[in-house]
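Visitor: Please show the model first, and then we can go through it by question and answer.

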Amino acid sequence: MLDSLSAHIAIMDANGVILDTNRTWRDFAVKGGMPDGYDSIGDNYLAICDSAEGEDSADARTVAAGIRDVIDGGVEEFLFDYPCHSADGPHWYYMRAIRMSGNGPMRVVVSHEDITALKLSEEALRKSEAQLTQQKIELEESNIALKVLLKQREGDKSELEQKVITNVKQMVLPYLEKLKRVNLKPKDKTVVDIIDSHLNDIISPMIQKLANANIILTPQEIQVASLVKDGKASKEIAAILNVSETTVHFHRKNLRKKFGLSNSQTNLRSYLISIS
């Protein structure tokens with residue numbers, strides 16, 4: 001039964017002398033450099049731990065003290081995991097020492113279970129958590145940087161809009177005012193008035209509000225909307241745009257539909273003035 005177990009098992013007496021071992025224990029001893037057939041029986045496990053030297057000596061003395069506590073009845077069992085690396089790679093073991101149940105002389109069962117796979121999984125998990133933490137920090141930093149860039153972009157956008165408005169008002173509209181004072185033919189005067197109206201629409205909040213509301217108008221719908229807002233009748237709009245009055249009515253109907261006024265008594269010109 002003991003030989004069928006994967007754990008390295010030894011049974012020792014009250015003095016720490018090994019009385020029996022299983023096949024896994026013996027195979028490990030041979031693998032560690034002991035001669036074939038070596039079974040550890042008769043060795044004093046506690047004495048071996050006490051005399052250990054080198055970097056593993058501290059762990060060996062901890063194990064010896066734990067087993068003595070079990071022998072003396074101070075604890076029911078002693079548990080300890082420790083590294084035991086070799087040339088073929090890193091290894092970790094989980095040790096358990098417990099009194100053997102039943103009548104008869106006191107015996108202690110010591111088992112060493114290979115937990116290398118578990119330790120490697122834990123190490124991989126720790127590395128993954130560290131990587132995720134680092135990625136989180138980097139994402140947070142990127143998010144902060146992106147917010148700063150977006151804020152800067154909004155500032156640049158507002159600055160550009162203000163420059164456009166200022167340039168139109170200072171560099172274009174004054175010349176239009178001069179044109180208005182010139183004796184123009186009625187048709188030419190109407191064209192100047194349309195240019196003036198459209199420029200004011202471009203720099204007015206109306207166009208911006210339409211864009212913000214995701215209302216998409218065709219170029220001719222924008223022209224019709226601007227002229228309606230200026231109080232032009234359909235016949236006048238048709239003459240100015242050189243289209244039929246039926247076309248103007250078609251565009252006015254589409255404008256009401258896009259603005260959600262189809263089933264409303266709201267006047268189209270009043271609505272356009274309200275949003276401008």
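Guide: Buried means under 20% relative accessible area, exposed over 50%, and partly exposed in between (1.4 Å probe, protein chains only). The model is predicted, so local features need pLDDT of at least 70 and side-chain atom pairs pLDDT 80 or more, while totals for chains, interfaces and linings use all residues. Residues are numbered from 1 along each chain, and side-chain values use heavy atoms, without hydrogens or water.

Visitor: K229 and D230 form a salt bridge; which of the two is buried?

Guide: A salt bridge is a Lys or Arg side-chain nitrogen within 4 Å of an Asp or Glu carboxyl oxygen. In the pair of D230 and K229 the closest N and O atoms are 3.8 Å apart. D230 has 32% relative accessibility and therefore counts as partly exposed. At 15%, the buried residue is K229.

Visitor: How many salt bridges does a search of the whole structure find?

Guide: The pair of D230 and K229 is a salt bridge, and so is the pair of R26 and D3. Searching the whole structure gives a total of 10.

Visitor: Are R26 and D3 buried, partly exposed or exposed?

Guide: The relative accessibility of R26 is 24%, which puts R26 in the middle class. D3, at 34%, falls in the middle class too. R26 and D3 therefore both count as partly exposed.

Visitor: K189 and D193 meet in a salt bridge; about how much of the helix separates them?

Guide: Their side chains meet at 3.5 Å, N to O. K189 is partly exposed at 41%, and D193 is partly exposed at 30%. Both residues lie in helix 5 (residues 186-202), 4 residues apart, so what separates them is about one helical turn.

Visitor: Which element gives the largest share of the lining of the largest pocket?

Guide: On a 1 Å grid over the protein atoms alone, a pocket is an open set of points with protein on both sides within 12 Å along at least five of seven lines, and lining residues have an atom within 4 Å of a point. The largest pocket has 32 lining residues, with F28, Y45, Y82, C84 and H112 nearest its centre. Two or more residues each come from helix 1 (23-31), helix 2 (45-50), helix 3 (57-72), strand 3 (77-83) and strand 5 (108-114). The largest share, 4 residues, comes from helix 1.

Visitor: What distance separates the C-alpha atoms of E55 and S197?

Guide: E55 is found in the loop between helix 2 and helix 3. With a relative accessible area of 77%, E55 is exposed. E55 and S197 are 142 residues apart along the chain, and their C-alpha atoms are separated by 90 Å.

Visitor: How far apart in space are S4 and F80, C-alpha to C-alpha?

Guide: S4 lies in the segment before strand 1. At 61% relative accessibility, S4 counts as exposed. S4 and F80 are 76 residues apart in sequence, and their C-alpha to C-alpha distance is 23 Å.

Note on methods:
1 Å grid on protein atoms, 1.4 Å probe; cavity = no way out; pocket = protein on both sides within 12 Å on 5 of 7 lines; lining within 4 Å.
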